[in-house]
Amino acid sequence: MNNKQSYYLRELIRVLVRNLGIVEESEATCCGTTVSQCNAIVQIGRAKDVSLNELAELLALDKSTMSRTINKLVDSGLAIREIHPEDRRYVSIKLTDEGLRIFDNIERSLDQYYQRIFLSIPEEKREQVLESLQLIINAAKQNKCC
């Protein structure tokens, strides 16, 4: 791959991330949360029960940033912290009923959006697109930046 091709790959991914980020941001704000809170809600909702450290790792954030985000979710009544009965150092984070409602709304909206995108791809190219995205993800994991 020459420099021109790698630059083109970079630009395509930048545009893809920007376009998807704009949609995800609008989905998050329509539920009354910030993007970082939305990301936390989705990860907690998928895990059902997660520690602050695990959540920070999943979202690639430092623990203090994650802690501030969780504090806001707890203050808003969207999440709760539970101390493990046998290990008081382990704090479990779960969604409240209201947090679960928002999680379900976010998931449903994004599922519909990505389904529309997928169905817009010619049927004979869909598997190729999925395979290509997986190749990009794997290559990115092997070649961490900075």
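Colleague: Which residues have the most contacts inside the largest nonpolar core?

Modeller: Please keep in mind that this is a predicted model. In soluble globular proteins, nonpolar side chains tend to be buried together. Here the largest nonpolar core has 19 residues. Those with the most contacts inside it are Ile-41, Ile-44, Leu-55, Ile-70, Leu-73, Ile-93 and Ile-106.

Colleague: Which elements give two or more residues to this core?

Modeller: They are helices H2 (35-47), H3 (52-58), H4 (63-75) and H5 (97-120), together with strand S3. Helix H2 gives the most, namely five residues.

Colleague: What does Leu-73 touch, apart from residues up to four places away in sequence?

Modeller: Leu-73 touches Gln-37, Ala-40, Ile-41, Ile-44, Leu-78 and Ala-79.

Colleague: Is Ser-92 buried or exposed?

Modeller: A residue counts as buried under 20% relative accessible area. Ser-92 is buried, because its relative accessibility is 6%. Ser-92 belongs to strand S3, residues 91-95. Beyond four places in sequence, Ser-92 touches Asp-49, Val-50, Ile-80, Arg-81 and Glu-82.

Colleague: Where does Glu-82 lie, and what is its relative accessible area?

Modeller: Glu-82 lies in strand S2, residues 79-83. Its relative accessible area is 33%, so Glu-82 is classed as partly exposed. Leaving aside neighbours within four places in sequence, Glu-82 is in contact with Tyr-90, Val-91, Ser-92 and Lys-94.

Colleague: Which side chain does Glu-82 join through a polar contact of 3.0 Å?

Modeller: That partner is the side chain of Lys-94.

Conventions:
Residues are numbered from 1 along each chain as its sequence is written. This is a predicted model: local features need pLDDT of at least 70, side-chain atom pairs count only at pLDDT 80 or more; totals for chains, interfaces and linings use all residues. Side-chain values use heavy atoms; hydrogens and water are left out. Helices (H or I, at least four residues) and strands (E, at least two) are DSSP runs, numbered from the N terminus. Buried means under 20% relative accessible area, exposed over 50%, partly exposed in between (1.4 Å probe, protein chains only). Contact means heavy atoms within 4.5 Å. A nonpolar core is a set of buried Ala, Val, Leu, Ile, Met, Phe, Trp, Tyr and Cys residues joined through side-chain atoms within 4.5 Å. A polar contact is a pair of N or O atoms within 3.5 Å; within protein, one must be able to donate a hydrogen and the other to accept it, and residues adjacent in sequence count only if both atoms are side-chain atoms.
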